[in-house]
Amino acid sequence: MSTDAMSNAALFERAQRVIPGGVNSPVRAFKAVGGTPRFVQRAQGPYFWDAEGTRYTDYIGSWGPMILGHGHPEVLAAVQKAALDGFSFGAPTEREVELAEEILKLVPSAEQVRLVSSGTEAGMSAIRLARGFTGRNKIVKFEGCYHGHADALLVKAGSGLATFGHPTSAGVPAEVVQHTLVLEYNNIAQIEEAFASQGSEIACVMIEPIAGNMNFVRASVPFMQRLRELCTQHGAMLVFDEVMSGFRVALGSAQSVYAKAIPGFAPDMSVFGKVIGGGMPLAAFAASREVMSQLAPLGPVYQAGTLSGNPVATACGLTTLKIIQRPGFFEQLGQRTRSLMDGFVKVAGDAGVTLTADSEGGMFGFFFADSLPQNYQTVMAKGTDTFNRFFHLMLDQGVYLAPAMYEAGFVSAAHTEQDIADTVAAAANAFRQL
Ligand SMILES: *Cc1c(COP(=O)(O)O)cnc(C)c1O
């Protein structure tokens, strides 16, 4: 326990003096919803406690990684044991091989995987590899998908389809994003037009297959099918950014969900993070042996990392991946998550509030709208003020939802039926006050 138990407000004050905005990642600052960020003191199972000792039911789970909830005893034991054996060596370890084998076993689209330390790093490296492999420069991304904060990906759509994007961050030269084309999610006509006009120059199309960075939006099956066809036809790589959806929406990740709907479906490259580290800094990118052999030290595409495949992080990730493979794990997680969203929709209806929701595995999203949005613009079109009021009404009742309407939510295996029921009851109360 900290001896000088400070309030959240006092801690935020103190943090702002030494850390820009008081936080080490922007969304933690509560800028979208207003109010004082909660400084977390500890967490256990589906809960965390803030600096003032208030308990919250956690529906962000560190933005996805904590699929088992906090402090799972088997994960703790593995991490403690690994820590005693050494924090980092800068030389290979058996556990990296074991984790690679485990990932590839669950992701049949890939034959080799490289471990890195963050999703940003993995996404950036995947793009370099796609460019190196195809010998092409252009990349396509979709508005509302987040692939980390690498320069070439901090970009929004230009004025027309033929024009490349504009940087969304200061410090990114326009030249750096001149090869990045930003299209509308789920818009088949746009991607067809892009390939028709510049298909031979496109190295890869990068997509969050089930997007979790514009709330929760699925790529439609026809859109995904067309994307696959176009990439194959034009020799571009289809890169699945599954940093959030990987091992979270299904044991086989989002690609297994699409493979069920589209026979023979597979992406050319996959990017993982979040769940594969179980809360420790760990991410990865994976593809066929042919593609991955382009990477250093075998091939000409350079990529490296001092802490890549860190022995403590791999212990945490490996144990997490083993536990989520137990019989019934995803069935139960999916059912809990669905019951949370079904509950929200029901009690919203009772209160006369328009709400729609979706979920897959342990990831969910809800919208103050009458139908599920299909792209970023529709996500952002309405409901912001309502969401912000709802967020605070829930927070006041000890429920911690993502502090921004454009973020997805997460349920862990530690959330019990009672936790879900309590949250739905809190939501009923909140909807009545909206
Ligand atoms: C979180 C996330 C990233 C970035 O990962 P970091 O570990 O935060 O760098 C990339 N892509 C997606 C889809 C994400 O959700």
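**Close-up views of a predicted model**

**View 1. Helix 10 packs against helix 13.** Helix 10 (residues 329–350) and helix 13 (residues 417–433) pack with their axes 9 Å apart and at an angle of about 25°. Angles under 35 degrees count as roughly parallel, and helix 10 and helix 13 are therefore roughly parallel to each other. Their crossing is right-handed. On the side of helix 10, the residues that meet helix 13 are Arg336, Ser339, Leu340, Gly343, Phe344, Val347, Ala348 and Asp350. On the side of helix 13, Ile420, Thr423, Val424, Ala427, Ala428 and Phe431 take part. By class, the contact of helix 10 with helix 13 holds nine nonpolar, three polar and two charged residues. As in the other views, the structure shown is a predicted model.

**View 2. Helix 2 packs against helix 9.** The axes of helix 2 (residues 73–85) and helix 9 (residues 311–323) cross at roughly 155° and come within 8 Å. Angles over 145 degrees count as roughly antiparallel, which makes helix 2 roughly antiparallel to helix 9. The crossing of helix 2 and helix 9 is right-handed. Helix 2 contributes Glu74, Val75, Ala78, Val79, Ala82, Ala83 and Asp85 to the contact. Helix 9 contributes Pro311, Val312, Ala315, Cys316, Thr319, Thr320 and Ile323. The residues of the contact of helix 2 with helix 9 divide into ten nonpolar, two polar and two charged.

**View 3. Helix 5 packs against helix 6.** Helix 5 (residues 188–198) and helix 6 (residues 221–234) have axes that come within 10 Å and cross at roughly 5°. That angle makes helix 5 roughly parallel to helix 6. Ile188, Ile191, Glu192 and Phe195 of helix 5 make the contact with Pro222, Phe223, Arg226, Leu227, Leu230 and His234 of helix 6. Seven nonpolar, one polar and two charged residues make up the contact of helix 5 with helix 6.

View 4. Strand 1 (residues 40–44) pairs with strand 2 (residues 47–50) in the antiparallel sense over four bridges. Gln44 has Tyr47 in strand 2 as its bridge partner. The hairpin of strand 1 and strand 2 has two residues between the strands, and Gly45 takes a positive phi near 60° there. Strand 2 also pairs with strand 3 (residues 55–58), in the antiparallel sense and over three bridges. Here the bridge partner of Trp49 is Arg55 in strand 3. Four residues lie between strand 2 and strand 3 in their hairpin, and Gly53 in the turn has a positive phi of about 85°. Strand 3 and strand 17 pair in the parallel sense over two bridges. Tyr400 in strand 17 is the bridge partner of Asp58.

View 5. The strands follow the order 4-14-13-12-9-5-8, with mixed pairing. Strand 4 (112–116) and strand 8 (180–183) stand at the edges, each with a single partner strand, so one side of each has no neighbour in the sheet. On average, neighbouring strands of this sheet are turned by 20° against each other, direction ignored. Strand 13 (residues 269–272) and strand 14 (residues 283–287) run antiparallel and are joined by four bridges. Phe272 has Ala284 in strand 14 as its bridge partner. Helix 6 packs on the sheet and touches strand 9 (202–207) and strand 12 (237–242). The direction of helix 6 makes about 135° with that of strand 12.

**View 6. Residues surround the ligand.** The shell around the ligand has 15 residues, and the closest are Ser118, Gly119, Thr120, Val243 and Met244. Helix 4 (residues 119–134) supplies the largest share of this shell, three residues. The shell consists of four nonpolar, nine polar and two charged residues.

**View 7. Two loops hold backbone details.** In the loop between helix 8 (289–292) and helix 9 lies Pro297. A cis peptide bond joins Ala296 and Pro297, with omega about 10°. Phe30 is in the loop between helix 1 (8–18) and strand 1. Its phi is near 65°, a positive value in a residue other than glycine.

Notes
Residues numbered from 1 in each chain as written. Predicted model: local features only at pLDDT ≥ 70, side-chain atom pairs only at ≥ 80, totals over all residues. Near = placed C-beta within 6 Å. Nonpolar A, V, L, I, M, F, W, Y, C, P; charged D, E, K, R; others polar. Axes fitted to C-alpha atoms, helices over the stretch in contact; angles between N-to-C directions. Parallel < 35°, antiparallel > 145°, perpendicular 65-115°, else oblique. Left-handed = near helix turned anticlockwise from the far one by under 90°. Contact = placed C-beta atoms within 7 Å. Pairing = 2+ DSSP bridges.
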